[in-house]
Every structure is written in C-alpha cells, then in structure tokens.
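Hi everyone, thanks for coming. I'd like to walk you through a structure, one residue at a time and then as a whole chain. Please have the picture open while I talk.

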There are 2 protein chains.
Amino acid sequence: MRKVVSSGQPTIKEIAKRLNISVSTVSRALHDHHSIGLKTKARVKELAAELNYERNQTAVYFQQGKTFTIGILLPELSEAFFSSAISGIEDTAYSNNYTVLLGQSHDDEDREKQIIQSMKQHRVDGCIVSIGKNTRNYEHFEMLRQARIPVVFFDRVPDLPNIHAVSVNLESGTIQAVDFLLKKGHRVIGMINGPEQLVASKERATGYIKALRKHRLKYDPELIVNADLTAAGTDSAMEYLLSLKRKVTAIVTFNDYVAMDAVQYALKRKLEINKDITFVSYANTPVSGYTAFPPAASVEQFPYEQGQAATNMLLSLLNGEHPLNDYTNTIMESQLVIHNR
Amino acid sequence: MRKVVSSGQPTIKEIAKRLNISVSTVSRALHDHHSIGLKTKARVKELAAELNYERNQTAVYFQQGKTFTIGILLPELSEAFFSSAISGIEDTAYSNNYTVLLGQSHDDEDREKQIIQSMKQHRVDGCIVSIGKNTRNYEHFEMLRQARIPVVFFDRVPDLPNIHAVSVNLESGTIQAVDFLLKKGHRVIGMINGPEQLVASKERATGYIKALRKHRLKYDPELIVNADLTAAGTDSAMEYLLSLKRKVTAIVTFNDYVAMDAVQYALKRKLEINKDITFVSYANTPVSGYTAFPPAASVEQFPYEQGQAATNMLLSLLNGEHPLNDYTNTIMESQLVIHNR
DNA sequence: GTTATCCGCGCAAGCGTTTGCGTAACACCT
DNA sequence: AGGTGTTACGCAAACGCTTGCGCGGATAAC
C-alpha cells in the first residue's frame, strides 16, 4: 500500500506507541476525560507538547460529520456594504470557534449554484447568503434544505416562504428621511429609486408614501423615478425630475453614490446644493463626508451589525437552540444619520 | 456502536450494495477509471444521479491529506484595498477549484497567531497573508514552514529572508508622481508619509528622493514628514509643511484619504487647490472622483491584481510547478493615474 | 495448443479520531 | 467470603473514500 502523504505530523497513534498505551487512552487523555488517571494524562500531554502534536481536524470533521465551518456567499466581496458585513460575520464566527468559507457570485446565477454546490460538498455546517440580482431560481437552496444545512439569508433576501432571514427595514429609515425633509419645509420631494423588482426599492417607495400620508400630504407618483444606479441613469433621472412643473426642492436618492452623481448633475445645472436643492440618501458611506456637498442626511443600514445578527441566528440554529423549522425573519431598523456641517 | 450522524446522504457503499458490486468499483466508475466496463460505469452513474449522490469531501480531504482550501489572513476585511484583494484571490481560487478560508487579524498579533493556528488545524493547503501593523514576532509562520504549508505574503510583507511574496513597487509610482509634479513646474514638493517602520513608507521616500536626483535637484529632508494617517495627524503635518520657509506648492500624500484630509486643511487655510497647492496621492480610490478637489493624480496599487498574482504563485507552489524552497518575490509596478478634470 | 496480454472487477488496507463497551484490579461494606 | 462499586485502561468498530494488488476469464500472438 502506498503511503499517500507522510506530512510528518505526529498522530495520537504515535504517542500511544511511545507511551505503550492505547490510542483511545491518548485521545481521552487529551480531552481530559474523567476516566483517565492523572499521571497518564500528564505523561500524554507532556509528550504531545514535546512532539508538537496537533489534532488532525480533517479527521475529526470527517468522523463527526461536522466541520465548524460556515459558508458565506455574497454577490461582490469588494463592495463596501458587503465587506463590512463579512467583517461582522467573521468576527462573530471567530469568537464562536467557527471558520468562514467564502464565495462571491458576481450576481451570476450559475456561479451562485456552483458555489453552493461546492460548499455543500465541503460539508459546511451552515450558510449565510445574500442572493444575486438576477437569481430567479432557488433550487440550489432547496438542495441545502434537503441536506439539512441551515441557511440564513441577509440583506438580499429571496421572496420565498419559510426561510431564515436578517434584513434591514428601509421603510422606517425612509420615513425618517422624508420627515426630516418635511420639517425643513420641503413640500415637493423627488425620489431616485433603484430597479423596480428589488425589495429594497419597494421599501423605499412605501416608506416615502407612508411618510407623506402621515403628514396628510398627497402622494404624487410622478415624483418617484426608477433608475439603474449608473451615472448616466442618474443623470437622466435628474433631468426628468428637474423638468417637472412642480419645482422639486429635495431628492431622496437610492444610495450615496447615486447622491454624489446627482450632486454633480445639479452643479452642472448651476443649482446651489442645500439651497436650491437638498439631497438625502442611504448607506451613510463615510467617504461622502469628504465630498464638497455630501447629502444632508443618509440612512444607515448597519452592514456590520447585519452580519453579526445573521451569524448569531445561524449559530443558534446549529446549536439546536432554535428549531430548524421555526423560520424567523429578523428585521433591523435602519436609521437616519444627519450630517451637520 | 452509536451511529454518529445519519445525515441521510447516500454513500458509495449504498450504491455498491444496491448494484451488487464492490465499493472500489463504484469509486472508480465515478472517476471514469479506465479499468471499469462501460455498462458498469453507466449503471453506477445513473444510480448515483438518481440517489442524488454527492461525494463526501471531508472524507476525501482526510484520506488524501489535502483540502483544496487556501487560508487568507488579512488585517481588515472591510478596508477597500483588502476587499478588492480578496475578490481577486477568490476569483482565481474559484477558477482553479480551490476554496477560500477567511480570517482577519485586526492588526492584533495574538489573533493573527490564533487564526494561523486554526488554519493549520484545518489543514489548509496554503496561505496568503498580509501581516498586521504590529506584528514583530514571526514564529507562527515558522510553524507553517515546518508543517510544509506554503505561505505567500502580499502587500504587507514581513522583513524576513526566504519568503514568497507579492507586492507592489511604490518607488516607481512615486517617481512617476514626482516627475508629474516637476513637469508641472513644481520645485518645492512636500510629502506626508506614513509611519516610518512601514516598508511602504520607505519606498515612498526613496522614490521621492530618486525622482529628484534624476532631475538633478537637491533633496531637502525637511520636506518629508511622517504622520500617523489620522485626520489630526494630517492636520499637524500640513501645518508643519506650510510653515516652512521654502514655499511648498505640491504635496505627495500617503493615500487618498490623507489627501482628502489635507485638502480640507488647505481649504481652511484659504488656499486654492491646484493653484496655490497641488496634491498627488496613492490608491486611486474611485470615490475621490466625487470630491470637490480630488488629488491631481494618484498611484494605483492594483489590489485585485495583487490578489490574483499571490494566488497564482501559491497555486504553482501547491502544484509543484515551483519548488517550495525557491523563494520568489514578485514585484508589480504601481502606476500613476492622472485625473483630468 | 500454449503462452502472453489485457480487460473488468473485488479484496482489503489505511487515512486519524472518537466512543460504547468490556474488564481487570482494587477498595469498601456487610 | 461474597457482593457492589469505582477507577483506569484497552479493544475494536465506525466514519467514506481511494488505491495497490490479485485474479479469473477472454482475447490475441506465436
């Protein structure tokens, strides 16, 4: 028989042989099992330390059918929102002795499926997923369910029944945002929203409407425009909004980047920011503080905290503290942050 | 004997039993081994598909002593530079059928050690590491070497002999930056550099000096100041530079964030940007394009590409295409990007 | 017709660890 | 002396998969 890999690493078998005891005794000694005598324990531990013994986790994973690993699948690792979320996930996973396996889908459904497949083969204990923009088919997640691998979705949550999810309620933040503008005296408030099918866009829209209703103001559908989040899309959205008969004095933009594009456009049109026109946005990107005209306020979406919450939910699922079939949808509140300058 | 986990997942044993053949035949059939008859292969594959068989990777990993997993250890997952790098690493790992295990050190040496330890126990095949700011002790990497786990360092590379590394040569970019300023007529050029012990700081400084020498200009040490990269630190650096007898008309800042802070300071001092004072910087952060006064140029450091290069290097080490003890230090050239507005 | 060749498959070991159970040895109580 | 515990350890199976080797039978070569 060929020895596949010699790796050199000492095993419990090695320790057992040298000490003339059985491997089971060594294993138990290293785990501080009560049925092992103190002197034996000491001898084992001493030799283990001397040999630089390190337990072969792959063997344990295999034997236990558990890997203490969670898979995390996101559209884009380099996006600020997601990279903060990863940070939150890794931190709480780390402090619970879990490790994190990473994959990015680039919003490609096929790649998403392949990554899920690979994580399943890797026998991750659970997954945290933010789905891609174009994902319409959810059979890969159905496979995970069948394999009894729990999944917690976050932020970009699929429209499915019976899932575990963590997301942020943008409605509340939007209401705060519109409230803020109304209190400043604005009456004609535009909104540059994102693609219609996105849940996030819907929440923004309903928040906007609810805020107006709260103040007994009429909602004018003309004031909401769906854009594609590119600079060009923002430009035409701005062009449209500024062309309306009713003079728009404030605009809620989909995120800080859109806001910055919109500001550029407004400047070209010789509008004075915060006077002729005021912007409120989402994400609260720190860098917007460096711009000449940051949005007057921005809705914080707490990516780090969402990552933490999703991980905690997954861990309680894994620990059995929470039944797998008790589907919970944790919704965090977003919060308007006012930039005073 | 207690059955540890029933998991429900079918195994090759199951397939073998149903087909009345041996497990070895099943295994080989699934691997398209030449010594298995075509009809048997077909039968096996059919049943495997029907049962939704999926190979238990943990068993394979264990048996082969290889996990097709690479560990990546970075100071901060949420920093733009590193998250781009992660993206590059994940992409090339993915297309080579490797998966990626993640850990962040938060620049804490102890945590760095623990993560390395955990990755070692996880039996990752190799590691890609960017060390923490405060790491002075490298014994954890020495342990990896002893365990024959190859490590490729990138960007933040320790000052050790005999390591594999990928980094970007900031000297060339700095020379380009200073060249750029000289051509624009600037003669008194300041530099807000980072902490002295950082290699990156040293490279910036030598690049600066070399560029001046190239143009037969005298180097005035007073013009380089080391700062701590905080807004306050930048302010005092600016105060110092602007207080010099020789009038500084251009400043090279450590990165775009420092540049933005410096711009704010200059504005407070009623200086006109790009007229009284011009800034050139590093990182080429896209967001700086939105600011009122972005640096006139910025040295691109190619984090995504560095990630790719590091991964490719590690993979060729793992595939034996490159001997482990042939230490290579790939240095990519940074490149000045001029922002025309 | 004998020998060499190849095809198709099974046997069994082995990867490192955990763990239920069995069992000596000894002490204690009655 | 017999019974009941307790302590300290060993035996061996099991997790799922890969792979060197052996072997019977069919085919080809001489």
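Let's start with N162(B), which counts as partly exposed at 48% relative accessibility. Here buried means under 20% relative accessible area, exposed means over 50%, and partly exposed is in between, with a 1.4 Å probe and protein chains only. N162(B) sits in the loop between β4 (151-154) and β5 (164-169) of chain B. Helices (H or I, at least four residues) and strands (E, at least two) are DSSP runs, numbered from the N terminus.

Before going further, a word on where this comes from. This is a predicted model, in which local features need pLDDT of at least 70 and side-chain atom pairs count only at pLDDT 80 or more, while totals for chains, interfaces and linings use all residues. Residues are numbered from 1 along each chain as its sequence is written, chains are lettered from A and ligands numbered from 1 in the order in which they are written, and side-chain values use heavy atoms, leaving out hydrogens and water.

Back to N162(B): what is its phi near? The value is near 55°, which is positive in a residue other than glycine. Most residues other than glycine have a negative phi. In chain A, D155(A) also has a positive phi, near 60°, and is not a glycine. D155(A) lies in the loop between β4 and β5 of chain A, and with a relative accessible area of 24% it is partly exposed.

Next along chain A comes R156(A), found in the loop between β4 (151-154) and β5 (164-169). Is R156(A) buried or exposed? R156(A) counts as buried, at 19% relative accessibility. Contact here means heavy atoms within 4.5 Å. If we leave aside neighbours within four places in sequence, the contacts of R156(A) include P75(A), F82(A), D107(A) and K133(A). From R156(A) to V166(A) there are 10 residues along the chain, and their C-alpha atoms are separated by 9.1 Å.

Over in chain B, look at F82(B), in helix α5 (residues 80-95). At 1% relative accessibility, F82(B) is buried. Not counting residues up to four places away in sequence, F82(B) touches several residues, among them L74(B), F154(B), D155(B) and R156(B).

Now for T174(A), in helix α8 (residues 170-183) of chain A. T174(A) has 0% relative accessibility, so it counts as buried. Beyond four places in sequence, T174(A) is in contact with residues including M191(A), E203(A), Y208(A) and Y282(A).

In chain B, H186(B) is placed in the loop between α8 (170-183) and β6 (189-193). H186(B) is buried, with a relative accessible area of 11%. Which residues does H186(B) touch, not counting those up to four places away in sequence? They are L181(B), T249(B), A250(B) and T278(B). With T278(B), the C-alpha separation is 9.0 Å across 92 residues of chain.

L229(B) is partly exposed, with a relative accessible area of 29%. From L229(B) to N20(B) it is 70 Å in space, C-alpha to C-alpha, and 209 residues in sequence.

Let's zoom out to chain A as a whole. Its secondary structure comes to 12 helices and 12 strands. The radius of gyration of chain A is 27 Å, well over the 20 Å that the globule rule gives for 341 residues, so the chain is more spread out than a compact globule. That radius is taken over C-alpha atoms, and the globule rule is 2.2 Å times the number of residues to the power 0.38. Along the principal axes, the C-alpha atoms of chain A fill a box of roughly 90 × 40 × 40 Å.

How is chain A divided into domains? There is domain 1 (12-55), domain 2 (66-167 + 303-324) and domain 3 (170-300). These bounds come from an automatic or database domain assignment. The C-alpha centres of domain 1 and domain 3 of chain A lie 66 Å apart.

Finally, 52% of the 341 residues of chain A count as buried. Among contacts in chain A between residues at least 6 apart in sequence, 70% join residues at least 24 apart.
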